Amino acid sequence: MRIKFAVTALTAMLLATGAVQAQDFKPRLVRFGYGLVEDSNQGRAVRMFAKEVEKATGGKMKVRAIGNAALGSDTQMQQALIGGAQEMMVGSTATLVGLSPEMAIWDTPFLFANTKEADAVLDGPVGDKVKASLEPKGMVGLSYWENGFRNLTNNKRPITKLEDLQDVKLRVMQNNVFLDSFKTLGANAVPLPFSELFTALETKAVDGQENPFNTVISSKFYEVQKYLTVSNHVYSPWIVTVSKKWWDTLSPAEKKVLQDAAIKSRDFERKDTREEATKALAEIKAKGMQVNELPAAEAGRMREKLNTVNAGIAKTVGQSTWDSVQAAVKQARAK
Ligand code: TF8
């Protein structure tokens, strides 16, 4: 009762200020799925998004945050969005490449040297253009969040040189660039959905995986992995997407609420992720993992080898997207 009253009072107040019209917001339920556990950077940001949307619509639009891949893996949720069975999700851009090849640009090894470059390029005109490639496929991209720089973990040996990846059975995302990259480096790369990863590591179906520090902690990979090698081999974005079918039923005011909340939660998420990442390595060591840095010379050798996958990425995304991303990185680097 009291909550109802508060919500009504808030709506009345907004109406009085002329900020919104009653007919702008319909009662709606948004099922917002994600793959990581609730206690993760991803979960915290989805809940922040939910609060923003409820506040901005006077409680009319309710966002139900559903984590742990309870609605399915990234690719399953994408299909639910396209079909209109689910309204929203956040997940890896890498798992979208099968639908929208342009997304493969973000899988370019060593594309960004730091988060400043990533933010500038993702939030700039090329980032928008790549995001827009989702619309004809049935999804609307709202904002890029930070998954982060990826690092290697495995149970076989510390990766101190390129050759150490030989015969390591490494889980990769369901994405051809990652598959090709790790095959090129000599690993036995196996694509698997994230939702099956912990069990695959636990049962030793695979020896290793690669993900940012934050995920190694939130998904408790330290329980089933011995070695972590700081390689920063690629920066992974997450992307917040909406079912196009559902999006087309929204009023302009409702769309604006979602768009604004996507930007606010993006800024919150990046800050939260970066704060957590700075403390993560100490925590990972405290949990008992053996950590080593990939020597710069060896990172250079990997980079050299991976140059051969770049031609394939340029072909997949189109030369003009490749060129504009390279130009945007150069520009961000010069600043
Ligand atoms: C991966 C990604 C995952 C995301 C997440 C489930 O390794 O890095 O973190 O897809 O949304 O699959």
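Trainee: What makes the pair formed by the side chains of Ser231 and His233 a polar contact?

Mentor: This is a predicted model, in which local features need pLDDT of at least 70 and side-chain atom pairs count only at pLDDT 80 or more, while totals for chains, interfaces and linings use all residues. Residues are numbered from 1 along each chain as its sequence is written, and side-chain values use heavy atoms, with hydrogens and water left out. A polar contact is a pair of N or O atoms within 3.5 Å; within protein, one must be able to donate a hydrogen and the other to accept it, and residues adjacent in sequence count only if both atoms are side-chain atoms. The side chains of Ser231 and His233 make such a contact at 2.8 Å.

Trainee: Why is Ser231 called buried?

Mentor: Buried means under 20% relative accessible area, exposed over 50%, and partly exposed in between (1.4 Å probe, protein chains only). Ser231 has 7% relative accessibility, so Ser231 counts as buried.

Trainee: Which residues does Ser231 touch, not counting those up to four places away in sequence?

Mentor: Contact means heavy atoms within 4.5 Å. On that basis Ser231 touches Phe110, Arg150, Asn151, Leu152 and Leu294.

Trainee: Why is Gly35 placed in the buried class?

Mentor: The relative accessible area of Gly35 is 17%, and therefore Gly35 is buried. Leaving aside neighbours within four places in sequence, Gly35 is in contact with Gln42, Asn68, Ala69, Met77, Val90 and Phe194.

Trainee: Why does Asn175 count as buried?

Mentor: Asn175 has a relative accessibility of 5%, so Asn175 is buried. Beyond its neighbours within four places in sequence, Asn175 is in contact with Ala94, Val97 and Asp107.

Trainee: Which side chain has an N or O atom 2.8 Å from an oxygen atom of the ligand?

Mentor: That side chain belongs to Asp74. For Gln42, an N or O atom of the side chain is 3.0 Å from a ligand oxygen atom. A polar side-chain atom of Arg150 likewise lies 3.0 Å from an oxygen atom of the ligand.

Trainee: How much of the area that the ligand exposes when taken alone does the protein bury?

Mentor: Taken alone, the ligand exposes 320 Å², and the protein buries 99% of that. Accessible areas come from the Shrake-Rupley method with a 1.4 Å probe; for residues, only the protein chains shown count as cover.
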